[in-house]
Amino acid sequence: MSFDVSISLKRSGRMFDYTFKAEQGGLTALFGPSGAGKTTLLDMIAGLVRPSSGHIVISDDVVFDRERRIDLPPERRRCGYVFQDLRLFPHRNVRENLLYGWRLAVPEHRWLDLDTALDVLGIGHLLGRRPATLSGGEAQRVAIGRALLSGPRVLLMDEPLASVDAERRDEILRVIERVRDELRLPILYVSHDRAEVDRLADRVIAIGAHPATLPPAP
Amino acid sequence: MTALTGEEWEVLLLSLKVSGVAMACALPLAFALAWVLARWRFPGAIVLDALVHLPLVLPPVVTGWLLLIALAPNTALGRFFENTFGLSFMFRWTGAALAAAIMALPLMVRAMRLSIEAVDRRYEQAARTLGAGRLRTFATITLPLTLPGILAGLVLGFARSVGEFGATITFASNIPGETRTLPLAIYSALQVPGAEWQVARLAGLSILLSLAALVISEWLARRHRAGAMRYVI
């Protein structure tokens, strides 16, 4: 598994440049201050925002290349995205949220089944509930489960501890460690919290303010 | 109060037929217009918006007259409908349905547009990253989240079309059994000396119909809320 990202984006008169490579799997932290454009970077990798130029390669699969006019739509990039604001579907219960992407995935891409996900995340008792009734920590775990069950080849996580109470932080951290170590899914992890990054990351990539010129990862 | 007379049944059933057909035709068009106005940015959006709203602000007689000069059998548009679909509108119940649909359209578009604008597009993005294409995202995320607005627009449009008078009488005329819907029947009865009881019965019928539409919409809205509430308790 590898990432090769070199893109720039012009937005409200500013030019944002992002360049990094990550050769191995594990958890790669994108670390930097608020306003550095970390979420926008994840959005571009997932296909939700189109870069002005450059290329994005996920494990030898070119998902975006301006020169070669390649721009895969989000549904074909297989990036599991855990949004900072979670975005659980309000009109579907937890079970239907979890299975939304799983049902859409082709069978050979489904590397995780519902029971295993429920066990790893500890959310088996929540299946019938609506997202509005979940606590911050519960909703966070459901959002992670929903992304994992869609059969992604990489997980994008945007400040997953931001909407979680202090008491629940450890619980979510342990879940992320299990995803990293047991499920062996490469994770691109956005954070502005040094302690969080130190605990979780196999490598850290600094995202500075404009212009962000980033060193290649080890 | 006794049972409805044959003539009253005829008026009621015709009204329901005209409004039903009007809603069936206006619903997809209203949704498409609401979608375009809510989601697309293009030059001329303001013009389209104004055109859609025109029947709301024009005197209904004027709308009826415009339909008349556009769709009369000797006009190009009138011939087109006659030759292509075998449809003629003047002095026909289809004309009454067309007038009702056009008068109801702005109200339906407004209600639906509001609910489309209220859908948080971040849910649609989430669906895309989970593997859903545009169409599936629309069917499984956007449409269910807009459903209350679609129902509200439908009830509003139905009520408006059942009450349609000015454009109908101008365009489709007042022919018993063909274009004489409830409001036109009330108007006709008012012209007859000594028909006060007939007027009162038809007016009562009209009130009942409107109340029924309101009760049904309230029931649907409650069912929708109850569906959402079931998981809270």
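Rings of Phe, Tyr and Trp (its six-membered ring) pair if their centres lie within 6.5 Å; planes under 30 degrees apart count as stacked, over 60 as edge-to-face and the rest as tilted. By this rule, there are 11 aromatic pairs over all chains. This is a predicted model, in which local features need pLDDT of at least 70 and side-chain atom pairs count only at pLDDT 80 or more, while totals for chains, interfaces and linings use all residues. Residues are numbered from 1 along each chain as its sequence is written, chains are lettered from A in the order in which they are written, and side-chain values use heavy atoms, with hydrogens and water left out.

**Aromatic pairs**

- Tyr81(A) and Phe83(A) are stacked, with 4.0 Å centre to centre and 25° between the planes.
- Both Tyr81(A) and Phe83(A) are buried (buried means under 20% relative accessible area, exposed over 50%, partly exposed in between, with a 1.4 Å probe and protein chains only).
- Phe81(B) and Phe85(B) have ring centres 5.9 Å apart and planes at 40°, so this pair is tilted.
- Phe81(B) and Phe85(B) sit 4 residues apart, about one turn, in helix 4 (residues 76-85) of chain B. Helices (H or I, at least four residues) and strands (E, at least two) are DSSP runs, numbered from the N terminus.
- Phe81(B) is partly exposed at 22% relative accessibility, and Phe85(B) is exposed at 51%.
- Ring pairs join Phe80(B), Phe81(B), Phe85(B) and Phe89(B) in a cluster.

**Where chain A meets chain B**

- The contact (heavy atoms within 4.5 Å) takes 26 residues from chain A and 22 residues from chain B.
- About 2000 Å² is buried between the chains, and carbon and sulfur atoms give 64% of this. Buried area is the accessible area (1.4 Å probe) that two parts lose on being put together, summed over both.
- The interface has 2 salt bridges (a side-chain nitrogen of Lys or Arg within 4 Å of a carboxyl oxygen of Asp or Glu).
- Glu75(A) forms a salt bridge with Arg128(B), and their closest N and O atoms are 2.7 Å apart.
- Strand 7 (79-82), helix 2 (94-104) and helix 4 (136-149) of chain A each give two or more residues to the side that touches chain B.
- Helix 2 of chain A gives the largest share of that side, 3 residues.

**A buried serine**

- Ser188(B) lies in helix 9 (residues 182-191) of chain B.
- Its relative accessible area is 13%, so Ser188(B) is buried.
- Beyond its neighbours within four places in sequence, Ser188(B) contacts Asn174(B) and Arg180(B).
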